[in-house]
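Here is a short briefing for a first look. Keep the sequence and the structure side by side as you read.

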Amino acid sequence: MAEAPIRLVIADDHPIVRDGLRGMFAGDPGFEVLGEAADGAQAVELARVVRPDVILMDLRMPGTDGVTAIKELARLGVPARVLVLTTYDTDRDVMPAIEAGATGYLLKDTGRDELIRAVRTAARGEAVLSPSVATRLLGQVRAPADPLSARELEILRLIAGGATNREAAARLFISEATVKSHVLHIYAKLGVNDRAAAVAAAFRSGLLALDDD
């Protein structure tokens, strides 16, 4: 028994892009294009009515943008997976879309076969990312949102080596109170509450290496 086709909605403000995507998927019996939307608001309303499996969502559209639409779909409990298909892979585009609940993020230069595989993957609820987006997200995970200063890194290395605040102060020719202040900033930036957790977080994120003094 053949599997049911994956049901799609295409949301993009450019008619030529929508036509191209519709033609691509309409020619494959594994897919059914249920409709098209020219902005995020139309995509949300259409998805509420036709209940697609996957929405191909552009991000920068006039009126309601893609991220706003993704958030609204989640708020309404629409179960469709959202696969972002856009030209942009900057932090200000990627992170809000992923945080809003997008299942995947691809660029419009993605090849036909790769895009079809990505839609199938998204329909299964599995994440799919273009290589540049994956690299960008990995960088976000590896580094704290608020990076440590050079002095904070110095103190963190001394802490990892077992130095007390007093010993670190002596090594760096600064006051113990200054060291304590830096340590508190380190905790805040790494999202931890003690020295051991700070050192562990630093090794996980790549801020410290095993061969650091």
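Which residue caps the N-terminal end of α10? Aspartate 194 does, with a side-chain oxygen 3.2 Å from the backbone nitrogen of alanine 196. Bear in mind that this is a predicted model.

**Helix α10**

- Helix α10 spans residues 195-205, and its buried residues are Ala198, Val199, Ala201, Ala202 and Ser205.
- These buried residues line one face of α10, because they fall within an arc of 165° when seen down the helix axis.
- An α-helix has 3.6 residues a turn, so residues three or four places apart point the same way.
- Ala196 and Arg204 are exposed, on the face of α10 turned away from the buried side.
- After α10 comes glycine 206, with a positive phi near 90°.

**Strand β1 and its partners**

- Strand β1 covers residues 6-11 and is mostly covered, with 5 of its 6 residues buried.
- Strand β2 (residues 31-37) pairs with β1 in the parallel sense, over 6 bridges.
- Within that pairing, isoleucine 10 has glutamate 36 of β2 as its bridge partner.
- Strand β3 (residues 54-57) also pairs with β1 in the parallel sense, over 4 bridges.
- Here leucine 8 is bridged to valine 54 of β3.

Note on methods:
Residues numbered from 1 in each chain as written. Predicted model: local features only at pLDDT ≥ 70, side-chain atom pairs only at ≥ 80, totals over all residues. Heavy atoms only, no water. Buried < 20%, exposed > 50% of the residue type's maximum accessible area, 1.4 Å probe, protein only. Helix = DSSP H or I, 4+ residues; strand = E, 2+ residues; numbered from the N terminus. Pairing = 2+ DSSP bridges. Arc of directions from axis to C-beta. Polar contact = N/O pair within 3.5 Å; in protein donor to acceptor, adjacent residues only side chain to side chain.
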